[in-house]
Amino acid sequence: MSGFEMRAQFYPLVTDLERLKEEAAAGVPYPFITEEVLELSPKDYRQFCSALGQRYAFEVKIPKEGYDMAYGAFHCSLVTTAPEKEAILLTRVAGQMFGAYLPDKALLELTDVPKRQVTLEPCMCSAGKGERLAAVR
């Protein structure tokens, strides 16, 4: 972060990006730290945005507890595609996935943040203890 604290409005994952934007708009912005950038192909990103409630294999590596009580910030993975300005932050709290919409990822300082290419392989895992598979609908 370049001298100021970044904040985003997180909401439990819903069916699609438009609903996430609507639901989170009324929320309170929380500080966050971007731990990694997960880059999808443009086609996969569009599919991901239209089906946020689905489980994907790359989500398994998102930390089990994404809220840091000491710093009062969410530790997140930034899901995006190279040609787009927008992105979605993902984090997990109490076994539930939360997301936040970012209209312009260029506002983030991502130079030293690890980046990896991911695909939308379905998650073949079962839910962990207390983890919810279904998204908020």
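1. **E36 and its partner.** E36 is buried, with a relative accessible area of 15%. This is a predicted model. E36 forms a salt bridge with R116, and the closest N and O atoms are 3.3 Å apart. R116 sits in strand β8 and E36 in strand β3 (residues 29–39), so the pair ties together parts that are 80 residues apart in sequence. R116 counts as partly exposed, because its relative accessibility is 27%.

2. K115 forms a salt bridge with E39. Here the closest N and O atoms are 3.8 Å apart. The pair links distant parts of the chain, with K115 in strand β8 and E39 in strand β3, 76 residues apart. Which partner is buried and which is exposed? E39 counts as buried at 12% relative accessibility. K115 counts as exposed at 55%.

3. **A salt bridge inside a helix.** K21 forms a salt bridge with E18, the closest N and O atoms lying 3.3 Å apart. The two residues are 3 apart in helix α1 (residues 17–25), so about one helical turn separates them. K21 is partly exposed, at 27% relative accessibility. E18 is partly exposed too, with a relative accessible area of 48%. A search of the whole structure finds 6 salt bridges.

4. **K105, a lysine without a salt bridge.** Side chains of opposite charge can pair when their charged atoms come close. K105 is buried yet has no salt bridge. How far away is the nearest side chain of opposite charge? That side chain belongs to E39, and it is 5.6 Å away. The cut-off for a salt bridge is 4 Å.

5. **What K105 does contact.** K105 lies in the loop between β7 (96–102) and β8 (115–117). Its side chain makes a polar contact of 2.7 Å with the side chain of T80. A polar atom of the K105 side chain also lies 2.8 Å from the backbone oxygen of T81. Not counting residues up to four places away in sequence, K105 touches L78, T80, T81, A82, E84, K85, E86, A87 and L110.

6. H75 lies in strand β5 (residues 73–80). H75 counts as buried, because its relative accessibility is 18% and the limit is 20%. A polar contact of 2.4 Å joins its side chain to that of E35. Another, of 3.3 Å, joins the side chains of H75 and D68. Leaving aside neighbours within four places in sequence, H75 is in contact with I33, E35, G66, D68, L90 and T91.

7. **Strand β7.** How many of the 7 residues of β7 are buried? The count is 6, so β7 is largely enclosed by the rest of the structure. Strand β6 (residues 87–93) pairs with β7 in the antiparallel sense over 7 bridges. In that pairing, I88 stands opposite Y101. Strand β2 (residues 11–12) is joined to β7 by 2 bridges, and these strands run antiparallel. Y11 stands opposite G99 in β7.

8. **The β6–β7 turn.** The hairpin of β6 and β7 has 2 residues between the strands. A94 takes a positive phi near 50° in this hairpin. Worth a look when checking backbone torsions.

9. **V60 and C123.** V60 is found in the loop between α2 (42–50) and β4 (67–68). V60 is partly exposed, with a relative accessible area of 42%. V60 and C123 are 63 residues apart in sequence. In space, they are 7.8 Å apart, C-alpha to C-alpha.

10. **The fold overall.** The secondary structure comes to 2 helices and 8 strands. From the N terminus on, the elements run β-β-α-β-α-β-β-β-β-β. Of the 137 residues, 46% count as buried. Among contacts between residues at least 6 apart in sequence, 72% join residues at least 24 apart. The protein exposes about 7,500 Å², and carbon and sulfur atoms supply 56% of this area.

Key:
Residues are numbered from 1 along each chain as its sequence is written. This is a predicted model: local features need pLDDT of at least 70, side-chain atom pairs count only at pLDDT 80 or more; totals for chains, interfaces and linings use all residues. Side-chain values use heavy atoms; hydrogens and water are left out. Helices (H or I, at least four residues) and strands (E, at least two) are DSSP runs, numbered from the N terminus. Buried means under 20% relative accessible area, exposed over 50%, partly exposed in between (1.4 Å probe, protein chains only). A polar contact is a pair of N or O atoms within 3.5 Å; within protein, one must be able to donate a hydrogen and the other to accept it, and residues adjacent in sequence count only if both atoms are side-chain atoms. Contact means heavy atoms within 4.5 Å. Lys and Arg count as positive and Asp and Glu as negative; His and the chain ends are not counted. Accessible areas come from the Shrake-Rupley method with a 1.4 Å probe; for residues, only the protein chains shown count as cover. Two strands pair if DSSP finds at least two bridges between them.
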